[in-house]
Amino acid sequence: MWGRFRRAGGRVAGALRTEAKADGDKRPHNLFEAAAVYVAAGAEDDQERADEASGWVSPEALSFGVNELACRAVIALARERGESPRTVARELLGLPTAP
């Protein structure tokens, strides 16, 4: 039984494992840093930087980080505008308002 827990924990740890920064700093990138750089690079149409950030963490970890960033951004905009997160998310995507 404990072997199954160790294997599952190893898979989770492997999915969240990060690589050391290339600029000599030994501190690894975390998934939120990778997500922030990846999304900002996409907004600035900087494919090279987006590709670099996507290599810092596993695809699963990057996806989780991008999702978390999107949720936090929508919540912040909703609070700022005094609207619901649903309304803000639909507006950002150019969708009609939901009934």
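**Note on the salt bridges, core and surface of the model**

1. Arg81 has a relative accessibility of 36% and therefore counts as partly exposed, the range between the 20% and 50% limits. The model discussed here is a predicted one. Arg81 pairs with Glu91 in a salt bridge whose closest N and O atoms are 2.8 Å apart. This pair links distant parts of the chain, since Arg81 belongs to helix α4 and Glu91 to helix α5 (residues 85-92), 10 residues apart. Glu91 is likewise assigned as partly exposed, at 44% relative accessibility.

2. In total, three salt bridges are found in the whole structure. Another of them joins Glu68 to Arg72, with 3.0 Å between the closest N and O atoms. These two residues are separated by about one helical turn because they stand four residues apart in helix α4. Glu68 is partly exposed, with a relative accessible area of 24%, whereas Arg72 is exposed at 53%.

3. The salt bridge between Arg49 and Glu52 has its closest N and O atoms 3.1 Å apart. Both residues lie in helix α3 (residues 47-54), three residues apart, or about one turn of the helix. The relative accessible area is 31% for Arg49, which is partly exposed, and 38% for Glu52, also partly exposed.

4. As to the overall fold, the secondary structure consists of five helices and zero strands, giving the order α-α-α-α-α from the N terminus. Of contacts between residues at least 6 apart in sequence, 42% join residues at least 24 apart.

5. The largest nonpolar core comprises nine residues: Leu31, Ala34, Ala35, Val37, Ala53, Trp56, Val57, Ala61 and Leu62. Helices α2 (31-43) and α4 (59-81) each contribute at least two of its residues, and α2 provides the largest share, four residues. In soluble globular proteins, nonpolar side chains tend to be buried together. Leu62, a member of this core, is in contact with Ala34, Ala35, Tyr38, Ser54 and Val57, leaving aside neighbours within four places in sequence.

6. At the surface, Tyr38, Val39 and Leu69 form a nonpolar patch with about 210 Å² of accessible area together. Val39 lies in helix α2 and is partly exposed, its relative accessible area being 34%.

7. For the protein as a whole, 19% of the 99 residues count as buried. The accessible surface amounts to about 7400 Å², and carbon and sulfur atoms account for 56% of this surface.

Notes: Residues numbered from 1 in each chain as written. Predicted model: local features only at pLDDT ≥ 70, side-chain atom pairs only at ≥ 80, totals over all residues. Heavy atoms only, no water. Core = buried A, V, L, I, M, F, W, Y, C linked by side-chain atoms within 4.5 Å. Buried < 20%, exposed > 50% of the residue type's maximum accessible area, 1.4 Å probe, protein only. Contact = heavy atoms within 4.5 Å. Patch = residues over 30% accessible without salt bridge, like charges linked within 9 Å, V, L, I, M, F, W, Y side chains within 5 Å. Areas by Shrake-Rupley, 256 points an atom, 1.4 Å probe, with all protein chains shown as cover. Salt bridge = Lys/Arg side-chain N within 4 Å of Asp/Glu carboxyl O.
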